[in-house]
Amino acid sequence: MAAPSAPPVPTVRGRRSGRRDDTRLALLFILPASIGLLVFYFWPLVRGIWLSFTSWDLLSPAEFVGLDNYREMVADPVFWNAVRVTLLYVVINIGLQTVVALVIAVLMQRLSRSTLLRSLVLAPYLVSNVVAALVFLWILDFQLGIGNQLLEWVGLERIGFFTSETWAIPTIAMVNVWRHMGYTALLIFAGLQAIPPTTYEAARVDGASEVRTFFGITLPLLRPILGLVLIISVIGSFQVFDTVAVTTNGGPVDASRVLQLYIYDKAFGQFDFGYASALSVAMLLILVVVTFFQYRMTRAGQTDLN
């Protein structure tokens, strides 16, 4: 009786065929997302860049005007004021949000890792920007707001949080810090989980204090996640719009007219879509430059855990 033959060994050609089938399946899965990316991101980007070289009021055909919109933008004092106001907001928002979120994340790691606590920390992020802005607009109202009533009860003068040139941008930043700090804290908390516990044990054996451990171990090892958080936060901060539109609408006297609000006003208030597109391209270039320098300065692509 003949011995049973051995199963056929797959050939290189068969393996390559299997890989091609996997590639086709992968392309099939990413096709819907790719179509959405092209339709809702890439095409509007290309069209926006083209419109920045035109004069278009939405009702008549776009007329090519070359660099006229950019020349007007360079000489536009309102644009430069919007850039200054936006940068002020970004600095205040990023500074407060990062510090508060870092403190919350460290406290969650050291004191409690309860899922319920994480849900409570994330709760403000589930509130829309418009709702959060309306609630704080009522709380901080100069006449009827409970915030100003509390200030008066402790012997301080009332503050026009949304009506003062000095307080408008810091107050808007505070509203957005309240809403986003939980989400940022959870990102940092995830980064803390990646730090090996043996690192802290070695520090305790060497007699390092909590403060020295935080600045000597926690912060350096958190550098990649902090770099990611800063990049995401800066991009989001430059796009602030709804909080400003609901509370101050750019006032008083353009003290809170951020760049995004100025773009909206030019496009849908004055129907100058060509100039609004040029402003949008300028904001895109600012974000690209800021993100590049952030990535290089924070060394977000490197880690000390290896």
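Predicted model: local features only at pLDDT ≥ 70, side-chain atom pairs only at ≥ 80, totals over all residues.

Q: What does the side chain of aspartate 254 make a polar contact with?

A: Its partner is the side chain of arginine 257, at 2.7 Å. Arginine 257 likewise lies in the loop between H11 and H12.

Q: Is arginine 257 buried or exposed?

A: Arginine 257 is buried, because its relative accessible area is 17% and the cut-off for buried is under 20%. Aspartate 254, on the other hand, counts as partly exposed, with a relative accessible area of 27%.

Q: What else is arginine 257 in contact with?

A: Leaving aside neighbours within four places in sequence, arginine 257 is in contact with Val78, Ala82, Val85, Asn249, Gly250, Tyr262 and Asp265. One of these, Tyr262, is also listed among the buried residues of H12, together with Leu259, Leu261, Ile263, Lys266 and Ala267.

Q: Which helices do the buried residues of H12 pack against?

A: They pack against H3, H11 and H13.

Q: What follows H12?

A: H12 is followed by phenylalanine 271, whose phi is positive, near 55 degrees. This residue is placed in the loop between H12 and H13, and phenylalanine 271 counts as partly exposed, with 42% relative accessibility.

Q: Switching to pockets, what is the volume of the largest one?

A: The largest pocket has a volume of about 730 Å³. Its lining is made up of 24 residues, and those nearest its centre are Gln239, Gln260, Ser280, Val281 and Met283.

Q: Which helix gives the most to that lining?

A: H13 gives the most to the lining of the largest pocket, with 10 residues. Helix H1 (12-51), helix H12 (259-269) and helix H13 (273-298) each supply at least two residues of that lining. By class, the lining of the largest pocket has 18 nonpolar and six polar residues, and no charged residues.

Q: How about the second largest pocket, what is its volume?

A: The second largest pocket has a volume of about 330 Å³. It is lined by 20 residues, of which His180, Ile232, Ser233, Gly236 and Ser237 are the closest to its centre. Two or more lining residues come from each of helix H3 (77-111), helix H7 (168-193), helix H10 (223-238) and helix H11 (242-247). By class, the lining of the second largest pocket divides into eight nonpolar, 11 polar and one charged.

Q: Now the packing: which members of the largest nonpolar core touch the most others?

A: That core has 41 residues, and Met73, Phe79, Tyr89, Val258 and Leu279 touch the most other members. H13 provides the largest share of this core, with nine residues.

Q: One more on H13: is serine 277 buried or exposed?

A: Serine 277, which is found in helix H13, counts as buried, with 11% relative accessibility. Beyond residues up to four places away in sequence, serine 277 touches Gly48, Leu51 and Ser52.

Q: And valine 177, where does that lie?

A: Valine 177 lies in helix H7, and at 7% relative accessibility valine 177 counts as buried. Again setting aside residues up to four places away in sequence, valine 177 touches Asn93, Leu96 and Gln97.

Key. Residues numbered from 1 in each chain as written. Heavy atoms only, no water. 1 Å grid on protein atoms, 1.4 Å probe; cavity = no way out; pocket = protein on both sides within 12 Å on 5 of 7 lines; lining within 4 Å. Points joined across faces, edges and corners; volume = space filled by probe spheres on them. Helix = DSSP H or I, 4+ residues; strand = E, 2+ residues; numbered from the N terminus. Nonpolar A, V, L, I, M, F, W, Y, C, P; charged D, E, K, R; others polar. Core = buried A, V, L, I, M, F, W, Y, C linked by side-chain atoms within 4.5 Å. Buried < 20%, exposed > 50% of the residue type's maximum accessible area, 1.4 Å probe, protein only. Contact = heavy atoms within 4.5 Å. Polar contact = N/O pair within 3.5 Å; in protein donor to acceptor, adjacent residues only side chain to side chain.
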